[in-house]
Structures are given as structure tokens and as C-alpha cells.
Amino acid sequence: MSPKGYVRAEQIWKRFRADRNRQLLRDEVSRLRQRRKGTAAERWRWAIRDVSFEVQPGESLALIGSNGSGKSTMLKILAGIMFPTYGALTAEGRIGALIEVRAGIHPDLTGRENVFMFGSLLGLKRADVRKRFDDIVEFAELSDAVDRQVKYYSSGMGMRLGFAVAAFLEPDIMVVDEVLAVGDAAFQQRCLDRMREVMAQGTTLLYVSHDLATVEAMCKNTLWLDQGVVRGHGATHDVLGQYRRSVEVHSIAQHPSTTDVDLHIVASSGTDGGAVRSQGPLVLNLVVRSAHTRQVRVVLGFSEGSPAPIFIAQHEQTLRPGDNRSTCRVEQLPLPAGEYAVYATVLDDTGATLRNWSPIGHFEVHGLVLPPTPTGVVRLSSVVVDTSWHEDH
Amino acid sequence: MNLVEFARLAWRSRLLAFTLSERELRVRYKQALLGMAWAFAAPLGYVLVFTVFFDRTAKIETFGRPYPVFAYAAIIPWGFFAQALSRCSTAIVDNLVLLNKVSCPRETFVFSGIATAVVDMLVSAVAFPIVVLSFGEHFYAATFLLIPVILLQVAIAAALALFLSSILMYVRDVRHLLPLVTQLLMFATPVVWGQAAIRQRLSEPVFDLYVALNPMATVCESYRRALVYGQAPDWSLLGISSASTALFLAFAYWVFKRLEPGFADVA
């Protein structure tokens, strides 16, 4: 018997019927008839293909990937909501699944009734819920509203209630699917704090999110799924790096190159053509190609691969037909060691977009390593800043 | 063993089942102005309709008891059965939102429907003493012998509910057929008329088969014997019906377990 909180997935496969959209007797009969004739073209779609991983008690694993990559399906299998087609899953202890916080909440009942209702849905005894009731109400900031029907709650209140119940019943395994997106920033931070607390008590965390910053803040390890297949698995920082680069490659592939304005990087370098270093200069040699003479604004964004830049730089210039060479120089690059993408857009003098925001190249930075954030603290932007400390005696 | 496992699961999920049915009842009675009165009024309506349309037109043999009392006694368990069937067959389909988001034993939704139907049955029986007294009839100690009969009717409802609710997930249109089938079943069961009327038309082995295939016949007749005539249930018929119900339940639970892994996929 493994300890509580232990999770192991062994070669999980999951398929769905691709042709299934109705559940009517008519459809079943026609399928049976086809099968008898031997013309049954049963189409299956594999949502999860051969996924294996292991999480030790008290550890955390994030699942990342683009939409439709099988994250939520995998999470539902972990939570015991769906069953794998092939493969074996071991999950020891009570599972608290937050697939959608408002799901277990009934609008016609009061907040108080819902707390007990939701508690017993998650497998808790009435006395256990009563013991934690005050904590739950306090965390959800409901106070007097707790005796009001939930249909008169704001959506934020309903969500807070759902999260509070799940977070205070102390499960051995906590499964969280993208539920924090609804709350305001302050509540999100309190949720992260609460998750950190339960993890410190030995709860295993399985977390799905598109918000890579919170993934980085919460999870030691990350599993990257791409169309149901594991693309990367390991330390969060490394896997996120791979994932961000793939996002960049993906958006290059999507960018149509048919506009009459385009630009690309000819060369990127540090001082005197050397390697780019943290806190050192970055020199980008650009070529902007245009069909006509026009006044434009060129905006460059420096990112870890995603279209959301860490910082931007812009320049106004007059383009002549043909190639226009220019140099962009960043004096003190605030980026830690790693790979970065340069995104760019070109706008005309009315502000209209001449070239869409997409990557034009990437460069590597050597030098400073980003200090790790404490668990539960979300770093908004990965910049390094030169600091000096003095201890006063 | 299939049935043992079933009983264990039923016991373990009792809390959630009760909470779910409590929620159901609360919501229902919060919304309806007359609340409990609905469960209370429905059987009285049936008694009235049966008396006017069946007893007046075709005199039904009641062996010296007033027809409204005679009918009411069987309407109590039949009302439970019809209620449990319509409620529980859609128990899984109606809870798709929960099913897809929360992991809990799927049987719980069925159990909670049955628990709700039991509560409704108790409420529906409230007017029975009034009817009994107003016709100058008596109460009998044999009423307490109905306890094993209640267990039997719950088992019958559970078997059908498990079977139908899981099938319905895959062929949803079947539910439109259910009310009709339930209505027809009522006429194949001693509700409007007594069991004697059915018994005299069938030979002995055929009647035993009928009791095995329709255990609700035994349930309704046992209610009538205890509440109207003060007699104990016919134990041999109760035995036949219980044995067949155990088989149905084992089969239904097997079907449910076979289909259960796919519920979330077609949700």
C-alpha cells in the first residue's frame, strides 16, 4: 500500500467516439445494423495517448498544453470522473477535485446549505464540515450572505464559496483545473496561499492552467501534453522553457508573409559582436522592407516565447521602398540567462497595423540566473535587476 | 459477490444520498407554494378518479370494504413505484453537471432518488387515516408486518432505477416511453382492482410466474391485506417476489457497473 497522496499513472490511453453527438435509440440501432453488415466505420479519437507519470505525496505536478491537448481529460481521469480506456491509475487517499467550482453549488439553496451539500459531495461527514464551517465562511468572505440563496450571489461570491469548501476539507490529493481565473487578484493570491498551505500539510497538488506564471509559482514539476502525447516532463522551469519556444515556433508558422511591410533580424549580439549577457548591451540589426514610402512606428517585444512581452521598445521612422536598415540597441538588458523571442509589429501613422504581432527571431542570453520565487508567489515578469545588499551593524 | 458489494456501497454512500435528496426536497418545497400538499393531494386525486370511473362503472370486488379505502391502500406503494421510476430513471441524466465535475459513487444519484420517493410516499400516506376513519373502518396491528414489504419495494425500485438510468445515458429518447409503460403496468398490477380478480383468470403456475415477474403485485396486495383487512402478507408469494427481485437487482447492478465507466464520456 502506497502512502496517502501518492499518484501514479501508467500508460494511460483514453479514446472518445468521434461520431457521437446524439444518444438516441435510432442512432444506436443504425450503428448495430452497420456492425452486423460489417460496414461499421466506428471512428475513435484518442484524447490521451500513452501518458505515464508519478507524483509523490506533498509534491505538485502541473499539466500544461494548448487547448484540446487532453489536459482536462487527464485531470478528469485523475479525479475519478472518467475512466481510462487502457492503462492503470493509482491514487491513494481522498481526492478533492475542483474541475469547476460552481458545479456542485445549487442556486436555490443558501450558502450554508451549499457548504454542507458540497462537503458531502466531496466525501466529508457533516461533523467535519461543521468543524470547518467558520473557516470556510471567513475565507469566502461571505459573512451575512451565507444565509442567502446562492442565485442572488455575484459570480465571484459563488466561486469563492466553491473554492473555500474544497480547499478547507483537506484532501490527500487536490486536483485544480483553471478555476482561479474568475477571482480578482487579491482572491487569487489567497487561493495560491491556501494551496501552498495544504501542500505544506502533505497534500499532493495536480494543477492545470494556461497561466504559466502561476504554474511556475505552484508546481515543482510539469507535464506538457500536446494532442494527448507527452511532449515534455520534468522540472517546471525547463518544461516551461520548451513550451514557450514551441508557442513561438507555432506563431511563426501561423504568420502570413504577404503584407507589403515586413521586417526581420539580421544579427543580434552583445558588446562588439560578442555573446549577449545579462545587464550588458543587446544590439539588434533590423531590416524593414516596404513597398512604398511611409511613416511608421516599429514596436519590438522581448518575451520568453509567448506573445506577451516582458518589455517593449519602439521607434518611429520613415520607410523608403526597398530595404531599410536600422539598429536597435538595449543598453542594459534586464533579462536572466535563457532563450528569448523577439516579437514585432509595424504600425502606420494612423495606428493601423501593417504587420501583425509575431516573432521575428530569437537570441540567447548568458549570465545571471533568476532567483527562484517562493512557492505560491507569482512572478509577473522575469527580469533581473542589479541589487546590492548591506547589513547595517 | 455482486449483491454484497452493492449493499456495502449503498451503505457507504448513504450520507451523500440523503444530502442529495434533502436538497431535492428542500428545493422542491421551497419553490412550490403548497409544498408538501402536492405529495399529499396526489393520492387523494387518484382515489377520487378511480372511485368515479372504475368503481361506479364496473363494480369492483372489495370483499365488504369501502372502495376508496381499498384503492388508497394500493395507491400508496404504487405511487412510490411510479415516482421512483420517473425520478430515478433520469437520475444520472439530470445530474450530468455534477457527474462531469465531481467524483462520487454514481449509484448515489439513484439512491437519493429512491430516498426522495420514500419521503414522498410517507407524505402521501398522511391522508390515509382520515379516509379510513371517515368510512368507519379500523386500523390493524398487521400494518407493522409491512416492514419487509417496504424493503422489497425499495429493492424493486432500485433494480429498475439502476437498469433504466444507465441505459438512458446511451439512449436518451427511451425516457419518453416511460410514463406510458408505467401507466400500462399499473393495470397489470392489483391497484385499481384486487389481486383475486387477476388470480382467478390465471392457472396456478402462471400466477406464480406473474408474481415473480411483477413483484409490485405482491407489494400492492400486501399493503391492502395489512391496511384494509388486517391480514399478514402472503408469505409464499412474498418469497417468490423477493427471490425474483434479488435476481433482477443483481442483473441491474451488473448492467449499471458495465455501463458506468462510459457515463462521463457521453455526458
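## Close-up views of a predicted model

The domain assignment of chain A gives domain 1, made of residues 7–18 + 43–247, and domain 2, made of residues 256–366; such bounds come from an automatic or database domain assignment. This is a predicted model, in which local features need pLDDT of at least 70 and side-chain atom pairs count only at pLDDT 80 or more, while totals for chains, interfaces and linings use all residues. Residues are numbered from 1 along each chain as its sequence is written, chains are lettered from A and ligands numbered from 1 in the order in which they are written, and side-chain values use heavy atoms, with hydrogens and water left out.

**View 1. Chain A as a whole.** The centres of domain 1 and domain 2 of chain A, taken over C-alpha atoms, are 39 Å apart. Along its principal axes, the C-alpha trace of chain A spans about 85 × 70 × 45 Å. Its secondary structure comes to 8 helices and 17 strands; helices (H or I, at least four residues) and strands (E, at least two) are DSSP runs, numbered from the N terminus. Chain A has 393 residues, and 48% of them count as buried. Here buried means under 20% relative accessible area, exposed means over 50%, and partly exposed lies in between (1.4 Å probe, protein chains only). Among contacts in chain A between residues at least 6 apart in sequence, 71% join residues at least 24 apart, where contact means heavy atoms within 4.5 Å.

**View 2. An open sheet of 6 strands in chain A.** Follow the strands across the sheet and you read the order S5-S6-S7-S3-S8-S9, with mixed pairing. At the edges are strand S5 (95–98) and strand S9 (229–235) of chain A, each pairing on one side only. Neighbouring strands of this sheet are turned by 15° against each other on average, direction ignored. Two strands pair if DSSP finds at least two bridges between them. Strands of a sheet pair through backbone hydrogen bonds, either parallel or antiparallel. Strand S8 (residues 221–226) and S9 of chain A are antiparallel, with 6 bridges, and Leu225(A) stands opposite Val230(A) in S9(A).

View 3. How many of the residues of S7(A) are buried? The count is 5 of its 5 residues, so to speak a mostly covered strand. Both faces of S7(A) are covered: Thr204(A), Leu206(A) and Val208(A) are buried on one side, and Leu205(A) and Tyr207(A) are buried on the other. S3(A) and S7(A) run parallel and are joined by 4 bridges, with Ser60(A) opposite Leu205(A) in S7(A). S6(A) and S7(A) also pair in the parallel sense, over 5 bridges. The bridge partner of Asp177(A) in S7(A) is Val208(A).

View 4. H6(A) has 16 residues and reaches 23 Å from its first C-alpha to its last, close to the 22 Å expected at 1.5 Å a residue. That expected span is 1.5 Å times one less than the number of residues.

View 5. Which residues of H6(A) are buried? They are Phe187(A), Cys191(A), Leu192(A), Arg194(A), Met195(A), Val198(A) and Met199(A). Seen down the axis of H6(A), these buried residues fall within an arc of 160°, so they line one face of the helix; the arc is that of the directions from the helix axis to the C-beta atoms. The face turned away from the buried side carries the exposed residues Ala185(A), Ala186(A) and Ala200(A). What covers the buried residues of H6(A) includes helix H4 (126–139), helix H5 (155–168) and helix H7 (212–218) of chain A, along with S3, S6 and S7. After H6(A) comes Gly202(A), whose phi is positive, near 105°.

**View 6. An open sheet of 3 strands in chain A.** The order here is S10-S12-S15, and the pairing is antiparallel. Strand S10 (261–269) and strand S15 (322–330) of chain A are the edge strands, each pairing on one side only. On average, neighbouring strands of this sheet are turned by 20° against each other, direction ignored. S10(A) and strand S12 (residues 282–290) of chain A pair over 8 bridges. Ala267(A) has Asn285(A) in S12(A) as its bridge partner.

**View 7. Ser112 of chain B.** Let us finish with one residue of the other letter, Ser112(B), which has its place in helix H7 (residues 107–124) of chain B. Is Ser112(B) buried or exposed? It counts as buried because its relative accessibility is 8%. Leaving aside its neighbours within four places in sequence, Ser112(B) is in contact with Ala17(B), Leu20(B) and Ser21(B).

How values were computed. Axes are lines fitted to C-alpha atoms, for helices over the stretch in contact, and angles run from 0 to 180 degrees between N-to-C directions.
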